[in-house]
Amino acid sequence: MQAKKRFGQNFLTDKKLLEDLANLINVVAKDKLLEIGPGKGDLTKNLINVCDSYFGIEIDKDLLVFLRNKFPKNKNAFIDGDILKLNPSEIYASCQFRVVGNIPYNISSPILDWCEKYYEKILDMHFMLQKEFALRCAGNEKTSSYGRLSVICKYLYKVTITKEVSKEYFSPIPKVDSLFVRFSPKKKEVNQIELQNLKKVTGALFNKKRKKISNSLQDILKKESINNLDLNLNLRPDELSLNEYLQISKLVMNDG
């Protein structure tokens, strides 16, 4: 089964690596699991019979046929479709579930947006991501990869890099290495007003990443509010912590 470039497919086939990834996911009998893009089912076979319930959503119709033939007892577990169009209530109506996937780079951000949309239904996510993108997700103000995505991810999740995976393990071989990353939700439910204000603030400040925050704050806060900030206004956006961003967001909310 050849990988299709239009779907960004890079398959993992190393048996030991796949077992290691399954151990890191640590699926237990009571789990409800959703796998994004199971591909040829090489990771799937380590998961599908361990958990209470498994579904895999696959956009490639040829692979869908392949998967249903490979796992005939579980053929109804494989969904024909695009994860970005899936409402998980169709498969897990009243319970939380876990998400796993080897995620193509070109849809990494949209998939995180999808997970955010269904945040309160998701117990955790384990994603294979291109290294640069993964480092941005896990970044903090002390790392060079820190940016807007880092702040939003840190607000929503505890992000843990669990394994580095060389590009040599993939077929076809991509241009960069990958990281296997765990996203553990920090909250039972999200304060949407706080989150939207955080997105507004990070968007405004990181849009002028090389400038002091005093320049960008004028676009989103009243002068009086800026003066009330207990912050060094000479800092740049990538020097502020999550708590400092939340402090600014609170004033944005108050300024209305």
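Start by selecting serine 178 and showing what it touches: Met128, Leu129, Gln130, Lys131, Lys163, Glu164, Val165 and Phe170, leaving aside residues up to four places away in sequence. Contact here means heavy atoms within 4.5 Å. Serine 178 sits in strand E9, residues 178-185; helices (H or I, at least four residues) and strands (E, at least two) are DSSP runs, numbered from the N terminus. Is serine 178 buried or exposed? Its relative accessibility is 6%, so it counts as buried. The cut-offs are under 20% relative accessible area for buried, over 50% for exposed, and partly exposed in between, with a 1.4 Å probe and protein chains only.

A word on what you have open: this is a predicted model, in which local features need pLDDT of at least 70 and side-chain atom pairs count only at pLDDT 80 or more, while totals for chains, interfaces and linings use all residues. Residues are numbered from 1 along each chain as its sequence is written, and side-chain values use heavy atoms, with hydrogens and water left out.

Next, pick serine 171, which belongs to strand E8, residues 170-171. Serine 171 is partly exposed, at 42% relative accessibility.

Now colour helix H1, residues 15-25, where the buried residues are Leu17, Leu18, Asp20, Leu21, Ala22 and Ile25. Those buried residues pack against E9 again, along with strands E1 (11-12), E5 (97-102), E6 (122-130) and E7 (157-165). Look at both ends of H1. Aspartate 14 caps the N-terminal end, with a side-chain oxygen 3.3 Å from the backbone nitrogen of lysine 16; a polar contact is a pair of N or O atoms within 3.5 Å, and within protein one must be able to donate a hydrogen and the other to accept it, with residues adjacent in sequence counting only if both atoms are side-chain atoms. Just after H1, asparagine 26 has a positive phi of about 55°.

Move on to strand E2, residues 32-36. Four of its five residues are buried, so E2 is largely enclosed by the rest of the structure. E2 runs parallel to strand E3 (residues 53-58), joined by five bridges; strands pair if DSSP finds at least two bridges between them. Select leucine 33 and you'll find tyrosine 54 of E3 opposite. E2 also pairs with E5, in the parallel sense, over four bridges, and there isoleucine 36 has glycine 101 as its bridge partner.

Then select helix H6, residues 192-206: its 15 residues reach 21 Å from first C-alpha to last, close to the 21 Å expected at 1.5 Å a residue. That expected span is 1.5 Å times one less than the number of residues. Asparagine 191 caps the N-terminal end of H6, a side-chain oxygen lying 3.2 Å from the backbone nitrogen of isoleucine 193. Among the buried residues of H6 are Val201 and Leu205.

Both Val201 and Leu205 touch isoleucine 248, as do Leu217 and Leu240, among others.

Last stop, the cysteines. How many disulfides does the structure hold? Zero, taking a disulfide as a pair of cysteine sulfur atoms within 2.5 Å. The sulfur of cysteine 115 is 10 Å from the closest cysteine sulfur, in cysteine 153, too far for a bond. Cysteine 115 is buried, at 0% relative accessible area.
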